[in-house]
Amino acid sequence: MTPPLNIRRVSGALGAEISGVDLSQDLPDTTIAAIRQALIDHQVIFFRDQALTPQRQTAFGARFGPLNIHPYVTGMADHPAVMEVVKEPQDRINFGGGWHSDMSFLESPAIGSILYAVETPEFGGDTLFASQAAAFEALSPGLRSTLETLNAVHSAAREYSAEGHSARKRKSMTIAEADGLVGEYVHPMVLVHPESGRKALYVNPAFTLRIEGWKTRESMALLSYLFEHCRYEGFTTRFSWAPGSVAFWDNRSVWHFALNDYAGQRRHMRRVTVDPWPAEAASPASRAAETVS
Ligand code: SIN
């Protein structure tokens with residue numbers, strides 16, 4: 001029989017560290033199911049001292065769903081689903097240096113991301129995570145039920161267009177510019193987790209443009225409030241990386257933020273991003289209608 005995972009919670013709102021498992025192995029289905037359950041229970045899970053080649057990281061990620069090929073960030077030549085997240089000592093801007101949930105700008109957003117640390121700075125470069133389930137639960141019943149009736153429009157344009165933060169300034173990663181035709185997709189502002197039934201806010205400052213059917217000014221009033229609320233320290237945990245560390249987060253209920261506090265040092269990570277199985281993409285997003293401005 002497979003031994004149970006050793007799981008230790010690291011913060012009140014979310015996060016657990018799992019030990020006693022070697023992610024580079026072909027793990028039995030029971031272990032994969034236990035890891036998946038830990039992810040659902042804790043929203044972000046951490047592993048230490050792993051040795052993942054791009055091939056083994058791909059194999060591990062693929063146990064949880066089809067792997068995403070990022071539309072703008074070029075993957076490794078031999079492993080297109082593996083994105084190298086690199087900041088060189090001379091770079092100023094890092095990747096993921098603002099609160100976001102990965103790929104919310106897609107029609108069918110990624111369910112999870114698995115980040116592996118290859119090289120880490122001597123200090124700094126931590127990643128922050130914020131539970132959007134805890135953020136939702138902390139709102140008043142009145143606002144919660146209002147939000148459950150609303151949808152929001154998401155797009156990659158702000159980050160990846162020619163003027164976008166990601167495309168314009170980063171040197172060490174191959175990032176294509178999204179042209180003017182980048183899509184806008186509508187998702188519910190509150191997602192019900194398909195496995196746990198727990199509700200979470202699903203808007204983020206990087207990719208959410210506006211509330212469907214609302215004027216931009218009206219949208220920003222409510223979204224600004226939510227963006228402030230959602231990053232309250234009590235909803236967060238913070239992970240300090242070392243080479244071999246792995247973080248696996250649930251994009252449906254977690255924001256993350258890569259801190260950029262290690263100027264002059266190198267940080268090298270590899271990410272695979274897990275899409276939903278076709279049957280899991282339960283409520284397909286619709287294309288956004290015209291902006292109400
Ligand atoms: C990301 O946003 O996927 C990158 C996070 C990190 O490098 O810590």
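F64 is buried, because its relative accessibility is 1%. Here buried means under 20% relative accessible area, exposed means over 50%, and partly exposed lies in between (1.4 Å probe, protein chains only). The model is predicted: local features need pLDDT of at least 70, side-chain atom pairs count only at pLDDT 80 or more, and totals for chains, interfaces and linings use all residues. Residues are numbered from 1 along each chain as its sequence is written, and side-chain values use heavy atoms, with hydrogens and water left out.

The structure holds 13 aromatic pairs. Rings of Phe, Tyr and Trp (its six-membered ring) pair if their centres lie within 6.5 Å; planes under 30 degrees apart count as stacked, over 60 as edge-to-face and the rest as tilted. A pair of aromatic rings is described by the distance of the centres and the angle of the planes. One of the 13 aromatic pairs joins F64 to F248 in an edge-to-face arrangement. The centres of F64 and F248 are 4.9 Å apart, with 80 degrees between the planes. F64 lies in the loop between α2 (54-61) and β4, whereas F248 lies in strand β13 (residues 246-250), so the pair ties together parts that are 184 residues apart in sequence. Helices (H or I, at least four residues) and strands (E, at least two) are DSSP runs, numbered from the N terminus. F248 also counts as buried, at 2% relative accessibility.

Y72 and F105 form a tilted pair, because their planes stand at 40 degrees and their ring centres are 6.0 Å apart. Y72 belongs to the loop between α2 and β4, and F105 to the loop between β4 and β5 (112-119). The pair therefore ties together parts that are 33 residues apart in sequence. Y72 is buried, with a relative accessible area of 14%. F105 is buried as well, at 3%. Elsewhere, F46, F129, F239, W241 and W249 form one aromatic cluster.

Strand β4 covers residues 83-87. Of its 5 residues, 4 are buried. β4 pairs with strand β15 (residues 267-274) in the antiparallel sense, over 5 bridges. Two strands pair if DSSP finds at least two bridges between them. Within this pairing, K87 stands opposite R267 in β15. K87 also lies over the face of Y262, at 4.5 Å from the ring centre. A charge sits over a ring if NZ of Lys or CZ of Arg is within 6 Å of the ring centre and within 35 degrees of the ring normal.

β4 and β15 are also linked through side chains. E84 in strand β4 and R270 in strand β15 meet in a salt bridge at 3.1 Å, N to O. A salt bridge is a side-chain nitrogen of Lys or Arg within 4 Å of a carboxyl oxygen of Asp or Glu. The E84 and R270 pair links distant parts of the chain, 186 residues apart. E84 is partly exposed, with a relative accessible area of 26%. R270 counts as buried, at 13% relative accessibility.

Side chains of opposite charge can pair when their charged atoms come close. By the rule above, the count comes to 16 salt bridges. Among them, D26 and R56 meet at 2.9 Å, N to O. D26 lies in the loop between β2 (16-19) and α1 (29-42), and R56 in helix α2, 30 residues apart. D26 is exposed, at 64% relative accessibility, while R56 is partly exposed, at 24%. A further salt bridge joins E17 and R8 at 3.6 Å, N to O. E17 is buried, at 18% relative accessibility. R8 is partly exposed, at 48%.

An open sheet of 3 strands has the order β12-β6-β14, with antiparallel pairing. Its edge strands are β12 (236-239) and β14 (254-258), each of which pairs on one side only. Neighbouring strands of this sheet are turned by 20 degrees against each other on average, direction ignored. Axes are lines fitted to C-alpha atoms, for helices over the stretch in contact, and angles run from 0 to 180 degrees between N-to-C directions. Strand β6 (residues 127-131) and β14 pair in the antiparallel sense over 5 bridges. In that pairing, T127 stands opposite A258 in β14.
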